[in-house]
Amino acid sequence: MPLPRLAGRNAGDIVAAMEAFHSGVRPATVMDRIAKGFSPEEIAPIAKWYAAQK
Amino acid sequence: MERKTRRQMLRHAGGAIAALAAFPCFAIAQARPRIVIVGGGFAGASCARALRKIDSKLAVTLVEARRTYTAPPLSAGVFGGIRNLAEQQFGYDKIAAAGITVAMARAAAVEPQARTVTLSTGDKVSYDKLVLAPGIEMRFDAISGYDETAAAQAPHAWTTDGAQYEALHRQLEAMDDGGLVAISAPVDPARCPPGPYERASMIAYYLKTRKPRSKLVILDSKDSFIMQRLFQDAWQRFYPGLLEWKSISSGDNIASIDTAAKKIETDFDSYQYAVANVIPPQVAGKIAAAAGVADRTGWCPIDPVTFESLLQKDIHVIGDAAFAGAMPKSAFAAAVEGGLCAAAIVNILGGRPPAAAKLLSNCYSLIAPDYAISTTTVHQPVNGEYVDVAGSGGASPLEAPPQFRAQEAKFADAWFRSATAEIFG
C-alpha cells in the first residue's frame, strides 16, 4: 500500500495537519518527530509546493 | 525551505560561498552547463533526476559501473525470507529516458585542474560541476584475514553489489539447523548505523521460523548502538535465547577471521560459525580519495549548504561519503541531499546564492514482519555544519501498541516504494 498522496492536496489542509502533528493534537507515528523540525514559515511554502503538484 | 538574505547566507556559510558569489558566472562558456555525477545510488541518481527536473537544458551525465543497482534499505527482509532480492534491484533505463546520459563505466580518476573524469573505458568526460556520490568502500585492512577474497566466503552484503547479497542469502539457506550465524558490527561512522541490528533481527526471524535450533551472535566493535533499548526489548520479545549481542566491553569485537576453518577470533573468545556476515569498518568510496576530496578520516568534508568539497573546488560530495557535522548515513538522507545539491548547483551556475535548507532523515528498521522501529532527524546548517533542530526528531517510543509497530513496518515499505519509484521509475 503506498503512502497517502500529498500531491494536489489543499495547502491549508497540509498546514493544519502539520500544526496538529507539531502540537501533538494529532496522533502520529513519525510525523510528530518530523513536524517539530520545521517552522510555520517553512511549512507554508512546503504545503504550497505539494498543492501545486499533480 | 528556509530562505535567507544574501548577507545572512554569506555570513553563515563563510568563505567557500563568498568566493563563489564573487564570481557568479565563473566562465561557463558552454550554452549547456555540463554536470557529471559519479555513483547511481540514492544520492547520485536523485541528484541527476532533480537537476533535469529543475533545468532540462543542463547536460547531465551519470557514471555508474553496475547495470543493476541493489538497494540496501529493507534488504534485511531478503535474509528474513520475507522479501525477494529482485524487489531490491533497479536498472537505469528510466533515468536514461529522462534525458540523462548514463555512462556504464567505473570512474577511474578525476583531474580537478582540467575538470575531467577519466572512465575505466579510457574515455574522459569534461565537467563544469562534478558531483561525487560514491557511497562507501569496505576497509579490507581492518580485520585480520578479511580481504576481498575472504569477503566472497564471509559476505558483508553492505554495498550495492548484488553478488554479495546473493552469497549471504545462499549461505543462510544452505546452512544446517543448529549452526551459528555470526554478524560483526563495525565502529561508527559507517553506513546505516541501525542496519547491522536490523539485519540480525531479520536473520533471527529466518532462523526462528526455518532453523529453530540455530543461534545468532552479534560481535560488536562498539559498546552501545543506536535505538539499543528498542532493539533489545524487541529481541527479548521475539528472539529470546536465539539472538545474543556481545560488545567490545566484553572483549567480543572481531579481531580476525579464518574463512577456511570458519572461525572468528575476538579479543577474548573464539567462535565456530556456520555463516559469517562480516561488516567491516568503512571509508568513502574509492574515487573520493583519488579525487582528493577525502581527508585523513577517509570521509569527505563538505559545505552543508552547497555540498561542495572543502578540499576541491567545483566538486560536490553527497550521500554516505560526505560529512558536515550531523549527517546521517541513510538512504533517506542521501536522496534528500541529492535534491538539495542539485538546487545549490543550479543556483550557483545561475549566479544566485544557494539557499540553506534543512536535511531530513527517517530510517526504518524491520525487526519482525509486522514490527518496525524508526529514527528521525532534522538538521540545519549552522557555522558550516549540520546540527539537530532543537526539539525535533528522535526514535520510536519505547512503549507502543502492536498496531504502532505494524504501522511503521507499512511505512517502511511505502517509503521504499515511493523513493525508488521517484529515483528509478
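This is a predicted model: local features need pLDDT of at least 70, side-chain atom pairs count only at pLDDT 80 or more; totals for chains, interfaces and linings use all residues.
The contact between the chains was examined first. Chain A contributes 15 residues to the contact and chain B contributes 26 residues. Between them the two chains bury about 1500 Å², and 64% of this area lies on carbon and sulfur atoms. Seven residue pairs are in polar contact between chain A and chain B, with both members at pLDDT 80 or more. On the side of chain A that touches chain B, the elements giving two or more residues are helix H2 (31–35) and helix H3 (40–52) of chain A. H3(A) gives the most to this side, with three residues. By residue type, the side of chain A that touches chain B is made up of nine nonpolar, three polar and three charged residues. Two salt bridges are counted between chain A and chain B. One salt bridge joins A:Arg33 to B:Glu408, with the closest N and O atoms 3.6 Å apart.

In soluble globular proteins, nonpolar side chains tend to be buried together. The largest nonpolar core in the model has 123 residues, and B:Phe42, B:Leu51, B:Leu216 and B:Trp235 are those with the most contacts inside it. Helix H11 (residues 331–349) of chain B supplies the largest share of this core, ten residues. Beyond its neighbours within four places in sequence, B:Leu216 is in contact with residues including B:Leu180, B:Val181, B:Ile183, B:Ala200, B:Leu242 and B:Glu244.

Over all chains, the structure holds 19 salt bridges. Side chains of opposite charge can pair when their charged atoms come close. In chain B, the side chains of B:Arg191 and B:Asp320 form a salt bridge with an N to O distance of 2.6 Å. B:Arg191 is in the loop between strand E11 (180–185) and helix H8 (195–210) of chain B, and B:Asp320 is in the loop between strand E20 (315–317) and strand E21 (322–323) of chain B, so this pair ties together parts that are 129 residues apart in sequence. Both B:Arg191 and B:Asp320 are buried. Another salt bridge links B:Glu87 with B:Arg83, where the closest N and O atoms are 4.0 Å apart. B:Glu87 counts as partly exposed, at 34% relative accessibility, whereas B:Arg83 counts as buried, at 11%. A network of salt bridges links B:Arg115, B:Lys129, B:Glu308, B:Lys313 and B:Asp314. For B:Lys313 and B:Asp314, the N to O distance is 3.8 Å. B:Asp314 is buried, at 2% relative accessibility.

Two further residues of chain B were examined individually. B:Gly162 lies in helix H7 (residues 162–174) of chain B and has a relative accessible area of 11%, so this residue is buried. Neighbours within four places in sequence aside, B:Gly162 is in contact with B:Thr70, B:Leu85 and B:Gln89. The C-alpha atom of B:Gly162 is separated by 29 Å from that of B:Asp252, which lies 90 residues apart from B:Gly162 along the chain. B:Ser221 is found in the loop between strand E12 (215–220) and helix H9 (228–238) of chain B. With a relative accessible area of 18%, B:Ser221 is also buried, because the limit for this class is under 20%. Not counting residues up to four places away in sequence, B:Ser221 touches B:Ala185, B:Pro186, B:Val187, B:Ile248 and B:Asn253.

Methods. Residues are numbered from 1 along each chain as its sequence is written. Chains are lettered from A and ligands numbered from 1 in the order in which they are written. Side-chain values use heavy atoms; hydrogens and water are left out. Contact means heavy atoms within 4.5 Å. Buried area is the accessible area (1.4 Å probe) that two parts lose on being put together, summed over both. A polar contact is a pair of N or O atoms within 3.5 Å; within protein, one must be able to donate a hydrogen and the other to accept it, and residues adjacent in sequence count only if both atoms are side-chain atoms. Helices (H or I, at least four residues) and strands (E, at least two) are DSSP runs, numbered from the N terminus. Ala, Val, Leu, Ile, Met, Phe, Trp, Tyr, Cys and Pro count as nonpolar, Asp, Glu, Lys and Arg as charged, and the others, Gly among them, as polar. Buried means under 20% relative accessible area, exposed over 50%, partly exposed in between (1.4 Å probe, protein chains only). A nonpolar core is a set of buried Ala, Val, Leu, Ile, Met, Phe, Trp, Tyr and Cys residues joined through side-chain atoms within 4.5 Å.
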